[in-house]
There are 2 protein chains.
Amino acid sequence: MIEALEVSLGERSYPIYIGSGLLLRSELFVERMRGRDVLVVTDETVAPLYLARLRDSLSDFHVAELILPAGEGSKTLATATRVIDALVAHRCQRDATIVALGGGVVGDIAGFAAACYQRGIAWLQVPTSLLAQVDSSVGGKTGVNHAAGKNLIGAFHQPVAVVADFDTLATLEERELRAGLAEVVKYGVISDADFFAWLENHLTQLLSGESQALMHAIRRSCEIKADIVGGDERERGRRALLNFGHSFAHAIEKVAGYGNWRHGEAVSAGMCMAAELSRRMGLLDAAGGERIAALLQAAGLPIAASGLDPAQLKAAMGLDKKQLGGRLRLVLIEALGAARVTSDFPEPLLDEVLEDATAVRPGARSAGG
Amino acid sequence: MIEALEVSLGERSYPIYIGSGLLLRSELFVERMRGRDVLVVTDETVAPLYLARLRDSLSDFHVAELILPAGEGSKTLATATRVIDALVAHRCQRDATIVALGGGVVGDIAGFAAACYQRGIAWLQVPTSLLAQVDSSVGGKTGVNHAAGKNLIGAFHQPVAVVADFDTLATLEERELRAGLAEVVKYGVISDADFFAWLENHLTQLLSGESQALMHAIRRSCEIKADIVGGDERERGRRALLNFGHSFAHAIEKVAGYGNWRHGEAVSAGMCMAAELSRRMGLLDAAGGERIAALLQAAGLPIAASGLDPAQLKAAMGLDKKQLGGRLRLVLIEALGAARVTSDFPEPLLDEVLEDATAVRPGARSAGG
């Protein structure tokens with residue numbers, strides 16, 4: 001079971017393979033390698049589960065392995081330097097390839113090291129989380145965190161291929177699977193109302209890991225992201241739509257303390273806040289906002305940020321790197337499937353949304369709590 | 001006195017302004033800035049000489065300054081991180097601009113920080129050494145050193161403009177001016193026999209800092225490099241010609257101990273070695289080789305690496321990052337103005353060239369000695 005789609009970026013175009021049993025299909029890896037030297041970068045969670053399979057598929061290559069501590073805490077310049085040191089120790093030249101086996105964190109670090117080593121070597125992404133399969137594997141954003149903010153140090157560096165084997169989702173914690181679904185829902189909201197409706201109708205199958213449903217959800221998510229990225233690789237325009245919910249989300253993650261909320265959980269709450277702001281501005285009808293919140297809630301995701309301090313959230317949004325020239329830009333929606341980027345919103349309405357979303361309500365689920 | 005030329009790289013095209021009094025012409029800086037935030041990166045040698053002039057030209061902007069220790073020793077990931085920290089402290093957003101005021105080292109560090117900060121912000125290069133004006137200012141190579149080798153960590157990141165004010169050469173040490181001339185000579189050798197002949201006839205004017213001669217030498221060097229880079233931004237083919245002499249040069253710098261030879265001095269000796277290999281292979285006639293050596297010697301540059309160990313040099317060349325798939329590639333010349341990249345050369349001839357070039361001869365000048 002395999003499907004392929006292409007991310008069209010001229011000479012940087014690359015294929016995404018989606019399916020079952022892909023880790024064992026060495027031809028998917030071999031066809032994109034230029035030289036014989038390969039460094040596999042993975043983490044302590046993923047290595048015992050999937051490294052052996054990948055090793056078998058790479059048996060014709062000269063392979064070194066680097067296993068990083070799992071978690072966002074690894075996403076530092078120091079860790080990226082460890083990857084570079086491993087490339088040096090393995091005597092990798094410009095034709096070497098990094099294979100990133102893991103979730104978004106592993107991909108971000110390994111991709112950034114690939115971007116910097118000898119001014120850019122090839123990397124191949126093997127995303128093992130739903131979030132990485134539908135989000136970080138498309139578009140070439142790589143990077144590490146700085147004490148002052150997430151992803152402040154990074155590069156655009158497209159992989160040579162993505163091999164998304166959804167068998168790896170079987171070992172994913174349920175909380176991680178749900179968090180990944182937040183980004184899947186996002187694609188429906190910002191650009192495809194039919195896909196959103198399909199998600200409403202297939203949530204049960206997705207949560208139980210049914211193959212056909214996963215295949216469709218991952219493929220459609222990658223298609224939508226690939227389409228947007230293909231027209232705006234460097235995020236000068238339309239690509240910013242992919243940040244729907246993210247200005248709120250980054251603030252939530254920061255104020256709650258990094259690691260307390262999963263990124264996808266914060267995106268879920270953030271999307272509800274952005275939708276609510278859109279509704280209060282008269283852009284989105286009430287029914288649309290309700291469907292978004294209902295789907296996310298049914299997926300077991302938070303739809304508010306109960307208990308966080310609204311003033312702190314607002315301050316954290318002010319430092320968000322998606323600002324342009326000092327003015328906060330937000331993605332708002334006009335209807336399911338139609339979004340736009342704007343810095344034209346009434347600040348008092350934003351304040352109201354932040355107040356309401358952080359109010360402590362009996363029974364309200366908070367991701368961090 | 002000003003001339004402009006364009007480096008043609010599609011949407012990454014940028015102008016190079018060459019002339020006198022340019023540091024004071026604020027319009028050259030203003031036209032390329034997107035936002036108001038500017039970080040000037042310079043070093044302890046250049047700051048007291050030229051920072052005040054630049055500051056005047058940037059008076060309409062919100063400017064922070066970072067002064068690094070001078071010298072190749074600064075070219076580390078730690079220093080690049082200091083630049084990023086300064087951007088954070090200055091609350092720079094994606095529309096900020098780094099202005100790199102200094103020689104190649106400052107440009108390499110500042111350009112790399114610009115490449116990585118928020119996945120790439122604008123940078124404007126103000127090269128103050130001849131080497132930086134004719135070489136590092138064209139082509140977007142940025143980077144820092146790793147303990148295992150020079151420029152192992154880096155990025156291709158084109159500046160938004162280059163302002164090459166040759167007034168700054170007046171305060172350049174004579175040794176640095178001569179070292180810069182090595183790269184100027186290189187352009188003649190690899191691609192323009194007429195320019196080479198012009199250099200033979202105008203060496204005295206160049207060494208005495210005569211404006212018209214400097215203007216022509218810098219402009220023609222930038223033109224040649226821009227032409228080559230424009231056709232091969234990522235060094236997949238013809239751009240490798242610019243490495244003429246450099247495989248030898250990097251080995252000389254490494255074996256002699258970094259800092260003992262100026263880069264341009266090592267390039268001078270390296271070009272003579274590459275020319276001699278070309279001659280022994282029957283590609284280049286003896287007269288061509290003699291003219292190259294004579295011009296470099298007249299410029300006060302070393303034409304051999306007397307006293308270094310040939311076996312060490314050879315080993316150091318084997319680790320050169322310009323290898324592809326483990327096979328050393330060299331730039332050889334067929335005539336003045338005509339070069340080619342090849343891995344097809346007899347190793348015994350290379351050994352002979354290394355032996356001869358390192359022999360200690362009475363009266364031979366060695367840069368390091």
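Modeller: Helix H4 of chain A, residues 104-116, has 13 residues and reaches 18 Å from its first C-alpha to its last, close to the 18 Å expected at 1.5 Å a residue. The expected span is 1.5 Å times one less than the number of residues. Helices (H or I, at least four residues) and strands (E, at least two) are DSSP runs, numbered from the N terminus.

Colleague: What should I know about the model and its numbering?

Modeller: This is a predicted model, in which local features need pLDDT of at least 70 and side-chain atom pairs count only at pLDDT 80 or more, while totals for chains, interfaces and linings use all residues. Residues are numbered from 1 along each chain as its sequence is written, and chains are lettered from A and ligands numbered from 1 in the order in which they are written.

Colleague: Back to H4(A): how many of its residues are buried?

Modeller: In H4(A), 13 of its 13 residues are buried. A residue is buried if 20 or more other C-beta atoms, placed from the backbone, lie within 10 Å of its own, exposed if 12 or fewer, and partly exposed in between.

Colleague: What follows H4(A)?

Modeller: A:Gln118 follows H4(A), and its phi is positive, near 50°. In chain B, B:Gln118 also has a positive phi, of about 50°, although it is not a glycine. B:Gln118 is found in the loop between H4 and strand E6 (122-127) of chain B.

Colleague: Is B:Gln118 buried or exposed?

Modeller: B:Gln118 is buried, because 23 other C-beta atoms lie within 10 Å. B:Arg91 has a positive phi of about 55° and is not a glycine. B:Arg91 lies in the loop between H3 and strand E5 (97-102) of chain B, and it counts as partly exposed because it has 15 C-beta neighbours inside 10 Å.

Colleague: Now packing: at what angle do H3(B) and H4(B) pack?

Modeller: Helix H3 (residues 77-89) and helix H4 (residues 104-116) of chain B pack at an angle of about 60°, with their axes 9 Å apart. Axes are lines fitted to C-alpha atoms, for helices over the stretch in contact, with angles from 0 to 180 degrees between N-to-C directions. H3(B) and H4(B) are therefore oblique to each other; angles under 35 degrees count as roughly parallel, over 145 as roughly antiparallel, 65 to 115 as roughly perpendicular and the rest as oblique.

Colleague: Which residues meet there?

Modeller: B:Thr79, B:Ala80, B:Val83 and B:Ile84 in H3(B) meet B:Ile109, B:Ala110, B:Phe112, B:Ala113 and B:Cys116 in H4(B). Contact requires C-beta atoms, placed from the backbone, within 7 Å. By class, this contact has eight nonpolar, one polar and no charged residues. Ala, Val, Leu, Ile, Met, Phe, Trp, Tyr, Cys and Pro count as nonpolar, Asp, Glu, Lys and Arg as charged, and the others, Gly among them, as polar.

Colleague: And how do H6(B) and H7(B) cross?

Modeller: The axes of H6 (residues 174-191) and H7 (residues 193-207) of chain B come within 9 Å and cross at roughly 155°. That makes H6(B) roughly antiparallel to H7(B). The contact includes B:Leu181 and B:Tyr187 of H6(B) and B:Phe195 and B:Leu206 of H7(B).

Colleague: How many residues does each chain bring to the contact between the chains?

Modeller: Chain A and chain B bring 28 residues each. On the side of chain A that touches chain B, E8(A) gives the most, with five residues.

Conventions
Contact = placed C-beta atoms within 7 Å.
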